[in-house]
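Me: I would like to go through this model with you. Please keep the answers plain.
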Amino acid sequence: MDTRLLRTFTTVARTRSFTATAAELHLAQSTVTAQVQALEKELGTRLFDRLPRGVAVTEAGSRLLGEAEGVLDAESRLRAAAAADGPPAGRVVVGAGETLCSARLPGVIAALRRLHPGLEVDLSPSGTAEALDGLRAGRLDVALLLEDDVDAPDIDVEHLTDEPLVLVCAPQHPFVRRTQPVTWEELAGEAFFLHEQGCSYSDRLADRLLTVPGARTRLTRFGSIEAARSCVAAGLGLTLLPRATVEDALRAGRLDVVPGPPIPEVPVQLARHRRRWASPGVRAVTDELKRHLAGR
């Protein structure tokens, strides 16, 4: 069996789009269609339902997806064994939240390009649930999670470091001139612009605010940290973000720190699927993540 057909199949299953698959694999859309049809003919079953707005994996396609990913994993092992004496090469996909993608990982990618020019590292912005699903499905090789605990027996998790969090507001907010710390009761009467649901530190803050008796908190969730940051800078409310994402705005005077109650740091966890093989490229990326983030 031509493993190129399997790679196209698994990519369509992930993207739910022939167009997106063609762009990702650098193929013509007609080639993607032809390869899926060839695989369906060879296997004697329909793998996708064609819908007006994309495709859906059929029941048969879902059953075959794990097997196809296993074949591709075996192919990667075979290629790595043949190139065992050479430098790490190939493609490694790292899943991480927006905070880490924007503030922490560019330096890691730059270092890897210098050290291993043949290694292609792709970043996939992913929340915790999406990252865990990606590791299980083989869409991701490695993930970085901003989580206190990860309850997933099939995922190996290693604590790398802790990310400081900070409550921020606009410089003209009355809280900035306070000499006494702002209380939870006072915070619960404010408007907050938080990262989307599923973000561990945002969810934890929302839960804490809503448990205050008589809380009048107004919560707005965004999929983008930049959107939350911009609303706060405009004086519309407060937010809680990793300090690394607001450092420039604090220095420039566009934001200020709220003198509020202590906020625990959020752990940065390195996650990999327990049963999936780690190629030399994946090991190189993992080592560099540890060196940059954990200092080892």
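Me: How are H6 and H12 oriented to each other?
Reply: In this predicted model, helix H6 (residues 105–115) and helix H12 (residues 280–294) pack at an angle of about 130°. An angle between 115 and 145 degrees falls in none of the parallel, antiparallel or perpendicular ranges, so H6 and H12 are oblique to each other.

Me: What is the handedness of the crossing, and how far apart are the axes?
Reply: The crossing of H6 past H12 is right-handed, and the axes of the two helices are 10 Å apart.

Me: Which residues meet there?
Reply: From H6 the contact involves Leu105, Gly107, Val108, Ala111, Leu112 and Leu115. On the H12 side the partners are Ala284, Val285, Glu288, Leu289, Arg291 and His292.

Me: How many of those are nonpolar, polar and charged?
Reply: The contact of H6 with H12 comprises 8 nonpolar, 2 polar and 2 charged residues.

Me: Changing topic to Val232: where is it, and is it buried or exposed?
Reply: Val232 lies in helix H10 (residues 225–233). Val232 counts as buried because its relative accessibility is 0%.

Me: Which residues does Val232 touch, leaving aside neighbours within four places in sequence?
Reply: Val232 is in contact with Val168, Cys169, Ala170 and Phe193, and also with Gly237, Leu238, Thr239 and Leu255, once neighbours within four places in sequence are set aside.

Me: And what separates Val232 from Gly107?
Reply: Along the chain, Val232 and Gly107 are 125 residues apart, and their C-alpha atoms are separated by 28 Å.

Me: What about Glu75: which helix holds it, and is it buried or exposed?
Reply: Glu75 belongs to helix H4 (residues 59–82). With a relative accessible area of 13%, Glu75 is under the 20% cut-off and is therefore buried.

Me: Which contacts does Glu75 make beyond four places in sequence?
Reply: Setting aside neighbours within four places, Glu75 is in contact with Thr3 and Arg7.

Me: Now the whole protein. How many helices and strands are there, and what does the C-alpha trace span?
Reply: The protein has 12 helices and 12 strands. Its C-alpha trace spans about 70 × 45 × 35 Å along the principal axes.

Me: Finally, what share of the contacts is between residues 24 or more positions apart?
Reply: Among contacts with a separation of 6 or more, 71% are between residues 24 or more positions apart.

Technical notes
Residues numbered from 1 in each chain as written. Predicted model: local features only at pLDDT ≥ 70, side-chain atom pairs only at ≥ 80, totals over all residues. Heavy atoms only, no water. Axes fitted to C-alpha atoms, helices over the stretch in contact; angles between N-to-C directions. Helix = DSSP H or I, 4+ residues; strand = E, 2+ residues; numbered from the N terminus. Parallel < 35°, antiparallel > 145°, perpendicular 65-115°, else oblique. Left-handed = near helix turned anticlockwise from the far one by under 90°. Contact = heavy atoms within 4.5 Å. Nonpolar A, V, L, I, M, F, W, Y, C, P; charged D, E, K, R; others polar. Buried < 20%, exposed > 50% of the residue type's maximum accessible area, 1.4 Å probe, protein only.
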